[in-house]
Amino acid sequence: MSKITVTFIVNGKEVTLKVRPQERLVDTLREQLKLTGTKEGCSIGECGACTVILDGKAVSSCLILTGQIEGSEVLTIEGLEVDGKLDSLQQAFIDHHAVQCGFCTPGMLMSAKALLIHNPRPSREEIKTALEGNLCRCTGYEQIIEAIESVTKN
Amino acid sequence: MLSYEFLTTKKIEEAFDYLDKFSKVQILAGGTDLLVEIHKKSSRLPHFDYLLDIKNISELKFIIPIDNSIEIGPLVTHSRLINEPIIKNNFSILVVAAQTIGSAQIRNRGTVGGNIVNGSPAADLLPPLIALKAEVELTSKKGKRVLSLEEFLTGPYKTKLQAHELLTKIKIPLLGAGYYTDFQKIGRRKALSVARLSLALVTKIDEDSIFRDTRIVPGSATPYPQSFPKSEKAVNGKSIFNIDLEEISKITSNEMVSITGERWSTPYKKPTIAILIKRALEEIIQEAKINE
């Protein structure tokens, strides 16, 4: 089966890659681009660990074929830090102990970031709705919500 | 792993060409159902040699009011449907139903057309769209045809879409004055839940407070969503002031069992659907009384 050539932007840099017809965005990010911050959990769009921001919106990178995203812009957890400085959401997660095992954290952060791009002052309910597709089995969510609120209230 | 050629296009005409030229083509849009089926190697998935990605065809992403209806492009995402003022103002039932779909990630990617064409018995948009008397336009290189959504669905995960056709439009007639809508859904949890049972209710309450033109379409209750004519008939002609909700509930429960027969889930679904129809009617009656 012939490979597909795709050009898209990842964390501000344009990349052109050859991808397999079955290759999902999560595979390309982790295997070709070595951006292993994006995690693969359930592989069926239910756990949110693979969440990235595609053209400004939170999406499950396990449910997108890379062949579909020609010309698109992808932001991953690696793209949040700018010039060695953590994004305020990342710092808030550390400050509020919103990380335990850490597996869900990149997805949580990308869902939170996508929310704040469109809605810088979300209500607690809006934060919960934005995170409803992200499962965390350690923290019980409370610290995660508090971390996000700390950013939105400043 | 499945082996296939990947086809993608940004032009609708090119999509029709592909569908005409190749056989065994599987269409891919938002991927929120299809990539799950592929991952699970689902037996529901037919064998295909080509995967045709239509997600980036901008011509299929419209929402426009035309005459007495609103036309929706099949590639409109659930998120867009929720946030579009024209949908909010005219078909709040669709917004409520779309909000219950999956998660933000799924709603950002999944499409209205995908929800229809996939034909799941639990598809969240099908009961409200059927209750709104939506029509679907199917197009191929040879021409167009229009079917009511209800006749388009023929079985669980089965529709009248032919191999060379693409769903190109969903047309929903506007509701006139006096119409009320309600959507109920029960899932195992609030987010990411597949509907255990849902119910869409569209009805008109005339100036004498009488129910008219009632449409009742439960989801996950029957092999595929369909209207419940006996229940609709039972509601029509009743006054909002003295309708016997217990009687209607019984009729709806029995109508469901008359379609499905007694199944393993019947002891749960029979009393539950009775509650859903009662709740939906109660909410509409309350709203109508406020408007009196």
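Predicted model: local features only at pLDDT ≥ 70, side-chain atom pairs only at ≥ 80, totals over all residues.
Residues are numbered from 1 along each chain as its sequence is written, with chains lettered from A and ligands numbered from 1 in the order in which they are written.

Staying with chain A: it has five helices and five strands, in the order β-β-α-β-β-β-α-α-α-α from the N terminus. Helices here are DSSP runs of H or I with at least four residues, and strands are runs of E with at least two. The radius of gyration of chain A is 15 Å, which agrees with the value near 15 Å for a compact globule of 154 residues; it is taken over C-alpha atoms, and the globule rule is 2.2 Å times the number of residues to the power 0.38.

Next, chain B. An automatic or database assignment divides chain B into domain 1 (5-53), domain 2 (58-173) and domain 3 (179-291). The C-alpha centres of domain 1 and domain 3 of chain B are 36 Å apart.

Now the interface. Which chain B elements give two or more residues to the side that touches chain A? The contact takes 24 residues from chain B and 25 residues from chain A, contact meaning C-beta atoms, placed from the backbone, within 7 Å. The elements of chain B are β1 (5-8), α2 (34-40), β3 (50-53) and α6 (104-109). The largest share, five residues, comes from α6(B).

Key
Contact = placed C-beta atoms within 7 Å.
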